[in-house]
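Hi,

Here is the structure I promised to pass on.

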Amino acid sequence: MREMTVGTGAGLETADMVLNIGPQHPSTHGVLRLKLTLDGERVVACEPIIGYMHRGAEKLFEVRDYRQILMLANRHDWLSAFSNELGVALAVERLMGIEVPERATWLRMALAELNRVLNHLMFLGSYPLEIGAITPMFYAFREREALQAVMEEVSGGRIHYMFNRVGGLKEEVPAGWTGRARETIRTVRKRLPDLDNLIRRNDIFLARTVGVGVLTAEQAAAYGASGPVARASGLDFDLRRDEPYLAYDELDVPVVTRTAGDCHSRFEVLLDQTYVSLDLAEQCLDRVDRTSGPVNVRLPKVVKAPEGHTYAWTENPLGINGYYLVSRGEKTPWRMKLRTASYANVQALATLIPGCLVPDLIAILGSMFFVVGDVDK
């Protein structure tokens with residue numbers, strides 16, 4: 001066995017060092033392992049290793065009925081629970097030919113946009129924290145708590161809402177809820193510049209993120225990246241505008257993009273998207289107030305989707321989520337395949353990280369905005 005000396009200096013034989021980051025590093029929003037090959041402080045190669053959180057959600061779908069799988073879908077990206085369950089409900093409704101009441105559609109859109117803001121605020125607070133800025137987390141969580149109260153009032157849950165149902169929503173919202181939600185949105189929009197002004201143009205934050213971890217538009221497209229990560233690289237694509245579902249075709253959806261593709265661009269897209277989602281949520285609430293009627297349809301005691309298959313996709317907070325549903329006419333899916341945004345985004349780390357310095361590693365990792373439960377499913 002050859003003895004390896006790692007170091008620099010006259011007369012010393014040097015060699016690359018293999019270093020493991022994880023599988024429990026705190027800045028990965030879950031349990032991810034990175035196998036790094038280092039030459040001094042520079043990363044030569046990076047191999048993302050996944051599977052440490054694998055819970056087999058897709059397999060569990062096959063032994064639970066169409067009402068029960070919403071609970072599982074709720075949890076793979078724990079920051080986007082409402083959006084996850086919405087995508088599954090849309091797939092089942094499409095296969096069964098169910099037309100959801102108009103009021104339920106607008107309520108779903110309002111809650112989905114509020115969930116998007118909650119997701120983004122978590123990353124807007126935690127990402128600066130990962131590279132040494134503590135204060136933004138307090139501002140981000142101040143706004144999160146205000147919006148969490150709105151979501152908790154309507155659904156009873158703070159993280160896992162379980163408010164979607166096949167055919168609509170669980171129940172009507174409480175009396176006066178839309179007014180309270182609208183007031184909270186106005187408050188958050190008024191206070192959000194506190195977080196914006198604190199971090200966006202901060203000299204230290206700029207030094208750590210500008211020009212670091214550049215993902216080109218071609219690379220983003222090749223890896224199937226989507227959402228804020230892809231739009232920061234110049235890919236101008238958003239399902240809400242380009243392949244509208246629910247009633248997004250009745251709204252003007254501004255799509256926030258940048259072209260630099262670096263860590264700072266990804267942060268800016270996320271921040272500016274938060275303002276957009278607050279505006280969209282308010283517009284949806286206005287439509288809810290002008291729309292009467294039920295919020296769900298009557299279903300049989302046992303829900304069975306007809307034999308066939310369908311694919312539904314949604315613009316989730318972290319990117320495009322796809323739901324491929326195959327039914328054999330039973331009360332459980334024969335197959336439900338999830339295409340999650342986080343899985344595609346993590347693939348790009350193998351290209352982004354090599355060539356960077358170890359101190360830039362966490363800056364790049366955090367800026368890819370993924371949840372490992374959404375990778376391992």
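How much space lies in the second largest cavity? About 40 Å³. Before you read too much into that, remember that this is a predicted model.

On to what surrounds that second largest cavity. Its lining is made up of Ser 83, Leu 86, Ala 112, Arg 116, Tyr 245, Tyr 248, Thr 314, Glu 315 and Asn 316. Helix H3, helix H4 and strand S6 each put in at least two residues, with S6 giving the most, three. Sorted by class, you get four nonpolar, three polar and two charged residues.

The whole structure holds two cavities of 30 Å³ or more. The largest has a volume of about 50 Å³, and among the residues lining it are Trp 78, Asn 115, Arg 144, Gln 148 and Tyr 161. Here H4 and helix H5 (135–155) each supply at least two lining residues. The split by class is five nonpolar, two polar and two charged.

Then there is the largest pocket, with about 210 Å³ of space. It is lined by 14 residues, and Leu 90, Glu 93, Arg 94, Tyr 245 and Leu 246 are the closest to its centre. H3 (81–96), H4 (102–130) and S6 (308–316) are the elements that give two or more residues to the pocket lining, and H3 gives the most, with three. By class, eight of the lining residues are nonpolar, one is polar and five are charged.

Now for the packing. The largest nonpolar core has 114 residues, of which Leu 34, Leu 36, Trp 177, Leu 349 and Ile 353 touch the most other members. H4 brings the largest share of this core, 15 residues. If you leave out neighbours within four places in sequence, Ile 353 is in contact with Leu 34, Leu 36, Val 43, Cys 46, Leu 361 and Ile 364.

Leu 34 and Leu 36 sit in strand S2 (residues 33–39), on its covered face together with Leu 38. The uncovered face carries Arg 33, Lys 35, Thr 37 and Asp 39. In a regular strand, side chains alternate between the two faces of the sheet.

S2 pairs antiparallel with strand S1 (residues 17–21) over five bridges, and Leu 34 is the bridge partner of Ile 21. Seven bridges join S2 to strand S3 (residues 42–49), also in the antiparallel sense, with Arg 33 opposite Ile 49. The S2–S3 hairpin has two residues between the strands, and Gly 40 takes a positive phi near 70 degrees there.

Cheers

Conventions
Residues numbered from 1 in each chain as written. Predicted model: local features only at pLDDT ≥ 70, side-chain atom pairs only at ≥ 80, totals over all residues. Heavy atoms only, no water. 1 Å grid on protein atoms, 1.4 Å probe; cavity = no way out; pocket = protein on both sides within 12 Å on 5 of 7 lines; lining within 4 Å. Points joined across faces, edges and corners; volume = space filled by probe spheres on them. Helix = DSSP H or I, 4+ residues; strand = E, 2+ residues; numbered from the N terminus. Nonpolar A, V, L, I, M, F, W, Y, C, P; charged D, E, K, R; others polar. Core = buried A, V, L, I, M, F, W, Y, C linked by side-chain atoms within 4.5 Å. Buried < 20%, exposed > 50% of the residue type's maximum accessible area, 1.4 Å probe, protein only. Contact = heavy atoms within 4.5 Å. Pairing = 2+ DSSP bridges.
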